[in-house]
Amino acid sequence: MRRRERTVRPQLALRSGLGAGVALAIPTTGALVAAAPAMAAPGTGTTTPSATTPTVKPVLFFGSRGEAVKAIQAQLQVNADGIFGPATLSAVKSFQRSNGLYADGVVGKLTWAKLAAATTPTTPTTPTTPTTPTTPTTCSANTTTLRFGSTHALVKVLQSKLGVEVDGIFGRATRAGVVSFQAQNGLYADGIVGKLTWSKLGCSTTTPTTPTPPTVPTTPTTPAPSATAAQIIAYAKTFQGVPYVWGGSTPSGFDCSGFVSYVFKQYGITMPRVSAQQQAYFPSTTNPQPGDLLFYGYPAYHVAIYLGDGMMIDAPHPGSTVGVRAIYGKPSSYARVLR
């Protein structure tokens with residue numbers, strides 16, 4: 001038995017990797033605790049974050065409301081009312097174009113990033129009030145009337161007061177800003193800057209030597225019902241870019257029949273509000289001329305203004321805007337409006 005023990009013990013030592021004179025070191029409990037990674041806060045059972053989780057910015061688009069909308073309105077210098085309306089949409093698109101982004105008017109991750117990079121003030125939640133900006137020249141309530149397409153020197157004054165891009169050209173963004181301002185201040189929202197609009201914008205009023213009762217300029221550039229098709233078409237084209245709004249019948253938003261009835265109404269031509277009723281109201285024609293109406297369906301579910309040469313202008317569907325486009329499919333009928 002002793003002889004066998006002597007032969008077995010060395011083999012066990014060799015198999016365990018321990019030679020003669022090698023001591024097996026067993027770490028103490030304190031050493032094990034010291035070697036454990038400090039991953040959790042004592043008593044909490046949760047890991048300690050290495051950095052603060054970034055705030056996720058919401059995706060904003062036409063119709064959005066809230067504090068996030070106010071934040072981008074303040075930075076883009078439009079009226080910070082917290083409602084993503086036409087003026088805000090135009091300002092967002094302009095910002096996206098000037099920063100190399102796709103100008104879709106939707107404030108997503110890339111647009112938020114560009115807005116953050118462009119932010120220079122330390123307190124972006126307290127913007128400069130857009131109603132009292134520094135103006136390049138003075139103005140009065142009796143100054144020049146401005147409308148879409150104007151390039152008068154006072155266009156820059158108007159743009160600075162509205163908080164839109166100051167380029168001296170009365171374009172779509174300026175018109176959208178004017179319409180929004182007029183609607184919010186109880187004025188007729190026709191996008192034309194006359195005496196009353198200048199006065200609401202803060203321009204000084206002067207008493208004329210021969211005072212006359214003020215009249216609301218409902219349609220200062222639109223004549224009586226004897227207007228020509230060319231005038232009506234030219235006027236209709238000024239609304240290109242206005243968003244489609246179901247049931248809309250003002251320049252802040254149109255549906256198809258609301259757009260048509262609004263345009264002709266400015267020339268003294270009234271008609272029913274709904275496209276099917278408009279189709280039944282006017283005499284049909286098989287020889288359409290520019291300025292006539294074209295319909296889809298019978299009774300009609302869509303209406304547009306015929307421009308000639310296979311083109312029309314309309315407010316097509318939600319998510320779109322008023323615009324000139326080729327006639328698609330086969331209209332169900334045409335109607336003569338101008339006699």
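This is a predicted model: local features need pLDDT of at least 70, side-chain atom pairs count only at pLDDT 80 or more; totals for chains, interfaces and linings use all residues.

Q: What is the peptide bond from Tyr298 to Pro299, cis or trans?

A: That bond is cis, with omega near 0°. For background, most peptide bonds are trans.

Q: OK, zooming out. How many helices and strands does the protein chain come to?

A: The chain has 11 helices and eight strands. Of its 339 residues, 38% are buried.

Q: And what share of the contacts join residues at least 24 apart?

A: Taking contacts between residues at least 6 apart in sequence, 48% join residues at least 24 apart.

Q: Let's do helix packing. At what angle do H3 and H5 pack?

A: About 50°, and the axes of H3 (residues 67–76) and H5 (residues 109–118) are 11 Å apart. H3 is therefore oblique to H5. The handedness of the H3 and H5 crossing is left-handed.

Q: Which residues in H3 meet H5?

A: On the H3 side you have Ala68, Ile72, Gln75 and Leu76, and they meet Trp112, Leu115 and Ala118 in H5. Sorted by class, the contact of H3 with H5 has six nonpolar residues, one polar and no charged ones.

Q: What about H4 and H7, where do their axes cross?

A: The axes of H4 (residues 86–98) and H7 (residues 172–184) cross at roughly 155° and come within 8 Å. An angle over 145 counts as roughly antiparallel, so that's what H4 is to H7. H4 passes H7 in a left-handed crossing.

Q: Which residues make that contact?

A: H4 brings Pro86, Ala87 and Ser90, while H7 brings Arg172, Ala173, Ala176, Gly177 and Ser180. The contact of H4 with H7 divides into four nonpolar residues, three polar and one charged.

Q: Staying on H7: is Gln182 buried or exposed?

A: Gln182, which is found in helix H7, counts as buried because its relative accessibility is 1%, and the cut-off for buried is under 20%.

Q: What does the side chain of Gln182 have 3.2 Å away?

A: The backbone nitrogen of Asp190, which lies 3.2 Å from a polar atom of that side chain. Leaving out residues up to four places away in sequence, Gln182 touches Leu187, Tyr188, Ala189, Asp190, Gly191, Ile192 and Thr197.

Q: New topic, Asp292. Where does it lie?

A: In the loop between strand S3 (284–285) and strand S4 (293–296). Asp292 is buried, with a relative accessible area of 2%.

Q: What does the side chain of Asp292 join up with?

A: With the side chain of Arg336, through a polar contact of 2.9 Å.

Q: And which residues does Asp292 touch, not counting residues up to four places away in sequence?

A: Thr285 and Asn287, then Ala304, Ile305 and Tyr306, and finally Ala335, Arg336 and Val337.

Q: Backbone check next. What is the phi of Gln77?

A: Positive, at about 60°, although Gln77 is not a glycine. In general, most residues other than glycine have a negative phi. You'll find Gln77 in the loop between H3 and H4.

Q: Is Gln77 exposed or buried?

A: Exposed, as Gln77 has 55% relative accessibility.

Q: Then Asp309: what is its phi?

A: Near 55°, which is again a positive value in a residue other than glycine. Asp309 lies in the loop between S5 and strand S6 (311–314).

Q: Buried or exposed for Asp309?

A: Asp309 counts as exposed, at 79% relative accessibility.

Terms used: Residues are numbered from 1 along each chain as its sequence is written. Side-chain values use heavy atoms; hydrogens and water are left out. Axes are lines fitted to C-alpha atoms, for helices over the stretch in contact, and angles run from 0 to 180 degrees between N-to-C directions. Helices (H or I, at least four residues) and strands (E, at least two) are DSSP runs, numbered from the N terminus. Angles under 35 degrees count as roughly parallel, over 145 as roughly antiparallel, 65 to 115 as roughly perpendicular and the rest as oblique. A crossing is left-handed if the near helix is turned anticlockwise from the far one by less than a right angle, and right-handed if clockwise. Contact means heavy atoms within 4.5 Å. Ala, Val, Leu, Ile, Met, Phe, Trp, Tyr, Cys and Pro count as nonpolar, Asp, Glu, Lys and Arg as charged, and the others, Gly among them, as polar. Buried means under 20% relative accessible area, exposed over 50%, partly exposed in between (1.4 Å probe, protein chains only). A polar contact is a pair of N or O atoms within 3.5 Å; within protein, one must be able to donate a hydrogen and the other to accept it, and residues adjacent in sequence count only if both atoms are side-chain atoms.
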